[in-house]
Amino acid sequence: SDETVVLPQKVEGVFAAYNLLQKEQGLDLAPLGGKRVRRVVFTVTNYPGAAGAVQATLFIYRNSVVAGDLSSGEPDGFVCGFAGKNG
């Protein structure tokens, strides 16, 4: 999917937790608070060891990836940075 979203103005709550994940991979959404970004979601069909669907989410601002994650919606699922849950 591909949609435009507005990032929260303040880095708090769920947004703060998500931004910590981003900081771990060298990114930071805090300076983009209140900005419109593109959110693009892809299905990953070859994620190692995944029993179900894995999605890659990218947040794009001015043609640059500014954040993103890999996630699984399974009961024992995960959300992690681009390096993967073991990397």
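This is a predicted model: local features need pLDDT of at least 70, side-chain atom pairs count only at pLDDT 80 or more; totals for chains, interfaces and linings use all residues.

Visitor: Which residue pairs with Arg38?
Guide: Asp2 does, with the closest N and O atoms 2.8 Å apart. Arg38 sits in strand E2 (residues 36-44) and Asp2 in strand E1 (residues 2-6), so the pair links distant parts of the chain, 36 residues apart.

Visitor: And what does Arg39 bridge to?
Guide: Glu3. Their closest N and O atoms are 2.0 Å apart. This pair also links distant parts of the chain: Arg39 is in strand E2, Glu3 in strand E1, 36 residues apart.

Visitor: How accessible are Arg39 and Glu3?
Guide: Arg39 has a relative accessible area of 29%, so it is partly exposed. Glu3 is partly exposed too, at 32%.

Visitor: What about Arg38 and Asp2?
Guide: Arg38 is partly exposed at 38%. Asp2 is partly exposed at 47%.

Visitor: Where does Arg62 sit?
Guide: In the loop between strand E3 (54-61) and strand E4 (64-72).

Visitor: And Asn63, what's its phi?
Guide: Near 65°, also positive. Asn63 lies in the loop between E3 and E4.

Visitor: Are Arg62 and Asn63 buried or exposed?
Guide: Arg62 has 70% relative accessibility, so it counts as exposed. Asn63 is at 76%, so it counts as exposed as well. The cut-off for exposed is over 50%.

Terms used
Residues are numbered from 1 along each chain as its sequence is written. Side-chain values use heavy atoms; hydrogens and water are left out. Helices (H or I, at least four residues) and strands (E, at least two) are DSSP runs, numbered from the N terminus. Buried means under 20% relative accessible area, exposed over 50%, partly exposed in between (1.4 Å probe, protein chains only). A salt bridge is a side-chain nitrogen of Lys or Arg within 4 Å of a carboxyl oxygen of Asp or Glu.
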